[in-house]
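Q: Could you take a close look at one part of this model for me, and then work outwards from there? Keep it chatty, but give me the cut-offs as you go.

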Amino acid sequence: MKDELKKGINSPIYTSTSFEFIDQEDTVYPRYLNTPNEKAVAEKIASLENAESALVFSSGMAAISSVLFTFLGQGDHAVFQKGLYGGTSHFLEKEFERFGITCTVAASQRAEDMEACIRENTRLLYIETPSNPLLSITDIQAVAELAQKRRLISVIDNTFASPVNQQPAGLGIDLVVHSATKYMGGHSDILAGALAGRAGLMKEIHQTALNFGGSLNANTLYLLERSLKTIHVRVERINDNAMELAHFLDMHPRVAQVNYPGLPGHPGHEIASRQMTGFGGMLSFEVDGQEGIGFQKQLKLIKPSMSLGGLESICSSPAHTSHRHLGPEGRKAEGISEELIRLSVGIEDVEDLKADLEQALTSP
Ligand SMILES: *Cc1c(COP(=O)(O)O)cnc(C)c1O
């Protein structure tokens, strides 16, 4: 945003909730998602995603719920890929039924398996790639083409990749959602969401979103705008660190399994190489014969923490955190073991990260 008054290099922060109004068409009001700070950030995100238009929300879930409740109503059905972010699956389980919405979670991430779930009343296809916490890869273009063929709205959660590594709008996806709490915010200090996509659909979402009230305040919008200035350098460094750690873990005799789409042995590597320009900062692995919760306690630099996408490397044990509610049987069905550790790689010196993993892997 241009600082018209003083020509400063940064965007001024417009904190007002009351703007002069006499006889213009539109009134400016934060909940209407039309303040100067909202517009400045939305424009940047649209540009990062190579999309026609964008909106910023108060959380990733505010963005996700606004999309779903804009296009799904009584009697409608939606198809979701397998392996969704915990908050999204919780949303489907808890909110859809009382609004008369039904959904099917496909047997896998494959477009064919999603197609098999389409019914007469299906309106929307929803994917998430790379997925949490196994980093499975969905063929974005295949799903976009399926949606076009069947005249459905296609939605992707692009949080794990960030717009630096993956721009699904260019592959034909209609709407791209983000938890901007993660890589976009990037410093583990703001909660925000974003949505980018086709202008016509975005206009419909805007009309619904102002009724739901999930707008973001000016101060946090400013912080998000500041974060976006460094998203490329942060994510590129994180990509490099994650690739090196994935190779390091893959070669380690105590590590049984590494899930990272940048590794040639990963089942989604070929598709990921086509649709991503970098493989991101998320990876997961299993230490032979050691439960994740115990392994975490041996790490010194890498901290066991929730969330992801910050500057500091953090780890979690999905069996005890995000996927705890599934129970042992449910986790088995999802392929999530007790040993699994999820790592959100940060910007530290990669040698320090390797040394920390090495001492934890070799400690008795
Ligand atoms: C964190 C996250 C969300 C939810 O975002 P909030 O900002 O916590 O509301 C959605 N999708 C993915 C993949 C996430 O990691």
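A: Let's start at Pro130, which sits in the loop between S4 and helix H5 (140-149). Helices here are DSSP runs of H or I with at least four residues, strands are runs of E with at least two, and both are numbered from the N terminus. Before going on, bear in mind that this is a predicted model, so local features need pLDDT of at least 70 and side-chain atom pairs count only at pLDDT 80 or more, while totals for chains, interfaces and linings use all residues. Residues are numbered from 1 along each chain as its sequence is written, and side-chain values use heavy atoms, with hydrogens and water left out.

Back to the loop. The peptide bond between Thr129 and Pro130 is cis, with omega at about -5°.

Arg151, in the loop between H5 and S5, has a positive phi near 55° without being a glycine. Arg151 is exposed, at 78% relative accessible area. For the record, exposed means over 50% relative accessible area, buried under 20%, and partly exposed anything in between, using a 1.4 Å probe and protein chains only.

Now follow the strands. S5 (residues 153-157) runs parallel to S6, and the two pair over three bridges; strands pair if DSSP finds at least two bridges between them. Within that pairing, Val155 has Leu175 of S6 as its bridge partner. S6 also pairs with S7, in the antiparallel sense and over five bridges, and there Val176 is bridged to Ala196 of S7. In a regular strand, side chains alternate between the two faces of the sheet. S6 is covered on both faces, with Leu175, Val177 and Ser179 buried on one side and Val176 and His178 buried on the other. That makes five of its five residues buried.

Ser179 brings us to the ligand. In the side chain of Ser179, an N or O atom is 2.8 Å from a ligand oxygen atom. Thr181 puts a polar side-chain atom 2.7 Å from an oxygen atom of the ligand. From Gly60, a backbone N or O atom lies 2.9 Å from a ligand oxygen atom.

The 14 residues of H1 should span 20 Å at 1.5 Å a residue, and the end C-alpha atoms are 20 Å apart, so the two agree; the expected span is 1.5 Å times one less than the number of residues. Buried residues in H1 include Val41, Ile45 and Leu48. Among the elements covering the buried residues of H1 are strand S6 (175-179), strand S7 (193-197), helix H8 (218-228) and helix H9 (231-251), contact here meaning heavy atoms within 4.5 Å. The helix has a positive phi on each side: just after H1, Asn50 takes about 55°, and Leu33, which is not a glycine, has about 55° too. Leu33 lies in the segment before H1 and counts as buried because its relative accessibility is 4%.

Finally, the aromatics. There are ten aromatic pairs in the structure. Rings of Phe, Tyr and Trp (its six-membered ring) pair if their centres lie within 6.5 Å; planes under 30 degrees apart are stacked, over 60 edge-to-face, and the rest tilted. Phe80 and Tyr126 make a tilted pair, 5.0 Å centre to centre with 40° between the planes. Phe80 is in strand S2 (residues 77-80) and Tyr126 in strand S4 (residues 122-128), so this pair ties together parts that are 46 residues apart in sequence. Both Phe80 and Tyr126 are buried. The ring centres of Phe285 and Phe295 are 5.9 Å apart and the planes stand at 90°, so that pair is edge-to-face. Phe285 in strand S9 (residues 282-287) and Phe295 in helix H11 (residues 292-298) are ten residues apart. Phe285 is buried at 0% relative accessibility, and Phe295 is buried with a relative accessible area of 0%. Phe80 and Tyr126 also belong to one aromatic cluster with Phe69, Phe91, Phe96, Phe99 and Phe212.

Key: Polar contact = N/O pair within 3.5 Å; in protein donor to acceptor, adjacent residues only side chain to side chain.
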